[in-house]
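Let's work through a few exercises on reading a protein structure. Keep the 3D view open and try each task before you read its solution.

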Amino acid sequence: MSEVVKKFLYLNRKAPYGTIYAWESLEVVLIGAAFDQEVRLMFIDDGVYQLVKGQDTAGIGMKNFSPTYRTLGDYEVKRIYVDKDSLAVRGLTKEDLVEIPWEDWETEEEIENIVEVVDAARAAELMDESDIIFSF
Amino acid sequence: MSILHTVNKSPFERNSLDSCLKFASQGAAVLMIEDGVYAAMTGTGVETQVKAALDRLSVYVLGPDLSARGISEDRLIEGIQVVDYAGFVDLAAKNDKVQAWL
């Protein structure tokens, strides 16, 4: 563990596949995991589409990177937040999203699903308390 | 002159769909592709707008782009027709020109 631990927030606002933002964000999250920081991800606006279950890209000839989200718990990502209003206006519910488990190998503490739906006030609070925000 | 309109942007991020539906004339074909396919789902904030468009336009959505985004066909607004790439080509050939709302 490095001496200074900062709270990193990765803020995702783009749908997958139409642009490269979602994939690039995921790459940076995975790289960042190597630095033992407190990492959180937030999905708002079209970013919520990144977590939709059942993505199958065989027909469009692009890599399906959605299975990677389910492994984020293994990359030191402890919390994933999804904006409630963004889901609602897109006709989505939490049941449409992937479940992402988390486990601390040392303490054996487990969280079945680290995906949490939050309202705008809580989302704003989380942005405020972060030391660094990466926007995608 | 018949026009095939394509929309490839999410209706929640850009106004491509708005403009397309505003300027597409009676009987025109509208094909949702790439991030444009999100507008074809039921229960969204643009559902009313898309349903109203179905009264005067033929609306299509590209199947492979739906699958890529995890949208199953039972989530689509009734009246929207799913086409594959060959269907896309047929639409382009059948209409006099293609107008892409980027």
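A strand here is a DSSP run of E with at least two residues, and strands are numbered from the N terminus. One thing to keep in mind throughout: this is a predicted model.

**Exercise 1. Placing one residue**

Find the strand in which A:Arg79 has its place, and decide whether A:Arg79 is buried, exposed or partly exposed.

Solution. 
- Step 1: Look along chain A to residues 77–83, which form strand β3; A:Arg79 belongs to this strand.
- Step 2: Recall the cut-offs: a residue is buried with 20 or more other C-beta atoms within 10 Å of its own, and exposed with 12 or fewer.
- Step 3: A:Arg79 has 18 other C-beta atoms within 10 Å, so A:Arg79 is partly exposed.
- Step 4: Now find its contacts. Leaving out residues up to four places away in sequence, A:Arg79 touches A:Arg40, A:Ile114 and A:Glu116.
- Step 5: For a sense of distance, pick A:Gly18, which is 61 residues from A:Arg79 along the chain; their C-alpha atoms are separated by 26 Å.

**Exercise 2. The neighbours of β3(A)**

Work out which strands of chain A are joined to β3(A) by bridges, and how many bridges there are in each case.

Solution. 
- Step 1: Strand β2 of chain A (residues 38–43) runs parallel to β3(A), and 5 bridges join the two. Within this pair, A:Val39 stands opposite A:Val77.
- Step 2: Strand β6 of chain A (residues 115–118) is also parallel to β3(A), with 4 bridges between them. Here A:Ile80 has A:Val115 as its bridge partner, and A:Asp83 is partnered by A:Val118.
- Step 3: Of the 7 residues in β3(A), 5 are buried, which makes the strand mostly covered.

**Exercise 3. The whole sheet of chain A**

Give the order of the strands in the open sheet of chain A, then explain why one side of each edge strand lacks a neighbour in the sheet.

Solution. 
- Step 1: Continue from β2(A) to strand β1 of chain A (residues 7–12): these two pair in the parallel sense over 6 bridges. A:Tyr10 has its bridge partner, A:Leu41, in β2(A).
- Step 2: From one strand to the next, the twist averages 25°.
- Step 3: Look at β2(A) again: 5 of its 6 residues are buried, so the rest of the structure largely encloses this strand.
- Step 4: Helix α1 of chain A (residues 21–32) lies across β1, β2, β3 and β7 of that chain, at about 165° to β1(A). Helix α3 of chain A (residues 120–129) lies across β1, β2, β3, β6 and β7, at about 140° to β3(A).

**Exercise 4. A helix of chain B**

Identify the buried residues in α1(B) and explain why they line one face of the helix.

Solution. 
- Step 1: Start with the sheet of chain B, an open one of 5 parallel-paired strands in the order β4-β3-β2-β1-β5. Its edge strands are β4 (81–83) and β5 (97–101).
- Step 2: Helix α1 of chain B (residues 16–23) lies across β1, β2 and β5 of chain B.
- Step 3: The buried residues in α1(B) are B:Ser16, B:Leu17, B:Cys20 and B:Leu21. Viewed down the helix axis, they fall within an arc of 120°, so they line one face.
- Step 4: These buried residues pack against β1, β2, α2 (47–53) and β5 of chain B.

**Exercise 5. Where the chains meet**

State how many residues each chain gives to the contact, and sort those of chain A by class.

Solution. 
- Step 1: Chain A contributes 18 residues and chain B contributes 18 residues.
- Step 2: On the side of chain A that touches chain B, 7 residues are nonpolar, 6 polar and 5 charged.

How values were computed
Residues are numbered from 1 along each chain as its sequence is written. Chains are lettered from A and ligands numbered from 1 in the order in which they are written. This is a predicted model: local features need pLDDT of at least 70, side-chain atom pairs count only at pLDDT 80 or more; totals for chains, interfaces and linings use all residues. Two residues are in contact if their C-beta atoms, placed from the backbone, lie within 7 Å. Two strands pair if DSSP finds at least two bridges between them. Axes are lines fitted to C-alpha atoms, for helices over the stretch in contact, and angles run from 0 to 180 degrees between N-to-C directions. The arc is that of the directions from the helix axis to the C-beta atoms. Ala, Val, Leu, Ile, Met, Phe, Trp, Tyr, Cys and Pro count as nonpolar, Asp, Glu, Lys and Arg as charged, and the others, Gly among them, as polar.
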